[in-house]
Amino acid sequence: MKINENYLKLKESYLFSDISKKVGAFSEKNPDAKIIRLGIGDVTLPLVPAVTAALEAASREMGQKETFHGYGPEQGYGFLKDAIRDYYGEKGVELSSDEIFVSDGAKSDLGNILDIFSTDNTVLIPDPVYPVYVDTNTMAGRNIIYQNACEENGFLPMPDRSVKADIIYICSPNNPTGAVYDKAQLKEWVDYALDFGAIILFDSAYESFVREEALPTSIYQIESAKKCAIEFCSFSKTAGFTGTRCGYTVVPDELEFDGVKLGRLWLRRQTTKFNGVPYVIQRGAAAVFTPEGRSQIKANIDYYMENAKIVSETLDKVGIWHTGGKNSPYIWLKCPGGMKSWEYFDFLLAKAHVVGTPGEGFGVNGEGFFRLTAFNSRENVEEAVDRIIKASDMI
Ligand code: PLP
């Protein structure tokens with residue numbers, strides 16, 4: 001037996017363990033310091049009442065002989081797929097329910113989709129980036145090329161036609177940078193993919209945070225994108241499902257390579273290796289699309305976005321360059337005073353007792369940058385920004 005040696009090529013990620021070690025050591029020395037964490041990538045508000053009511057009702061159904069559900073369709077129940085289809089319809093994107101595949105979250109699908117692509121493909125991944133794209137392709141031994149996201153391009157890299165890529169990752173709104181592509185920019189990516197016979201894997205996990213009407217929330221709002229893109233989305237950040245687990249992937253019927261429909265391969269992959277999301281969870285997810293569910297999740301997103309605005313406006317006030325915060329729960333700032341990511345981490349912890357995430361942990365281009373998030377209470381965010389303002393005077 002031989003192991004998959006590609007796993008040995010994976011870089012260990014010490015980012016979050018290094019952060020907790022540093023915070024732990026600081027707390028020990030400064031037991032009275034009230035530390036505020038603005039580095040949290042997980043949601044903090046609970047599930048909304050419309051969702052919990054649906055979860056409770058579905059649990060009761062599972063306890064009755066007449067309404068019990070065993071194995072369901074691997075690709076999701078019709079009631080949820082239809083609700084997702086209608087949601088896309090409101091965005092001006094016509095889908096059929098067969099093009100939607102429900103899963104236990106975007107992370108699984110982003111990794112699993114690679115099963116249907118040859119390992120010979122060259123993968124184009126922006127840097128800095130959500131680490132899952134890099135690690136899943138490293139595990140499979142694919143050749144990865146990186147694309148520089150930087151201050152000059154507003155952390156929104158555009159296609160370079162001198163580079164030939166087969167699989168392209170785009171995450172918009174972006175984690176970690178909070179930057180969002182506009183329609184014209186995405187059109188350039190779609191044109192590149194069509195011209196080069198490439199596929200775009202579009203991660204729209206943060207689509208519900210987009211505020212500006214003109215900005216795209218789905219790649220399929222771009223003409224011809226159904227011919228070259230798969231879209232991954234999730235209820236995690238939209239509706240607080242990080243611990244409940246539900247997401248979905250759209251594989252358009254038009255998406256065909258070498259005369260083979262990718263939807264057919266993905267259906268085969270899912271029906272072979274996956275037995276579906278629990279009925280109860282899918283009922284909870286469907287409640288997100290009811291009128292009550294929508295207004296309740298909107299209130300939560302508004303809450304986070306007000307936090308993001310407070311952070312972004314504070315950074316403007318103290319003259320710190322940043323992206324994000326306007327259509328995303330992430331704020332990506334340039335460390336002031338020419339500090340490196342970890343230097344600024346230590347500085348903020350020591351002077352403001354505020355914890356963020358060093359940008360360097362998301363890729364080499366993240367060095368000198370820092371991620372703050374909106375997933376905290378209003379009270380904590382307000383206190384944290386006051387402290388950041390005071391600390392800025394010490395630079
Ligand atoms: N995509 C991005 C960009 C994310 O930041 C995350 C989670 O943080 C995910 C996907 C994973 O989502 P899920 O919880 O649905 O697996």
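## Pockets, ligand and cavities

The lining of the second largest pocket is made up of eleven nonpolar, six polar and ten charged residues. In this count Ala, Val, Leu, Ile, Met, Phe, Trp, Tyr, Cys and Pro are nonpolar, Asp, Glu, Lys and Arg are charged, and the others, Gly among them, are polar. The model is predicted, so that local features need pLDDT of at least 70 and side-chain atom pairs count only at pLDDT 80 or more, while totals for chains, interfaces and linings use all residues. Residues are numbered from 1 along each chain as its sequence is written, and side-chain values use heavy atoms, with hydrogens and water left out.

Rolling a probe the size of a water molecule over the atoms shows where empty space is left. On a 1 Å grid over the protein atoms alone, a cavity is a set of points where a 1.4 Å probe fits but cannot get out, and a pocket is an open set with protein on both sides within 12 Å along at least five of seven lines; lining residues have an atom within 4 Å of a point. Grid points are joined across faces, edges and corners, and a volume is the space filled by probe spheres set on the points.

| Space | Volume |
|---|---|
| Largest pocket | about 1200 Å³ |
| Second largest pocket | about 740 Å³ |
| Largest cavity | about 130 Å³ |
| Second largest cavity | about 50 Å³ |

**The second largest pocket.** This pocket is lined by 27 residues, and Tyr 87, Glu 207, Ser 208, Val 210 and Arg 294 are the closest to its centre. At least two lining residues come from each of α3 (78–90), β7 (229–234) and α10. Helices (H or I, at least four residues) and strands (E, at least two) are DSSP runs, numbered from the N terminus. With six residues, α10 gives the most to this lining.

The largest pocket has a volume of about 1200 Å³. Its lining counts 44 residues, with Val 129, Tyr 130, Pro 131, Gly 361 and Phe 362 closest to the centre. Elements that each supply at least two of the lining residues are α1 (15–29), α4, α5 (132–140) and α7; the largest share, four residues, is that of α5. The classes here are 18 nonpolar, twelve polar and 14 charged residues.

Where does the ligand sit? The ligand is in the largest pocket, where a molecule counts as sitting in a pocket if more than half of its atoms lie within 2 Å of its grid points.

From Lys 237, a polar side-chain atom lies 2.8 Å from a ligand oxygen. On its own the ligand has 400 Å² of accessible area, and the protein covers 90% of that; such areas come from the Shrake-Rupley method with a 1.4 Å probe.

**The cavities.** There are two cavities of 30 Å³ or more. Around the largest cavity are 18 lining residues, of which Pro 126, Pro 157, Tyr 169, Asn 174 and Tyr 181 lie nearest its centre. Two or more of the lining residues come from β3 (122–127) and from β5 (167–171), and β5 gives the most, four residues. By class this lining has 15 nonpolar, three polar and no charged residues.

The lining of the second largest cavity includes Val 43, Leu 45, Lys 237, Asn 300 and Tyr 304. Its classes are six nonpolar, three polar and one charged.

How values were computed
A polar contact is a pair of N or O atoms within 3.5 Å; within protein, one must be able to donate a hydrogen and the other to accept it, and residues adjacent in sequence count only if both atoms are side-chain atoms.
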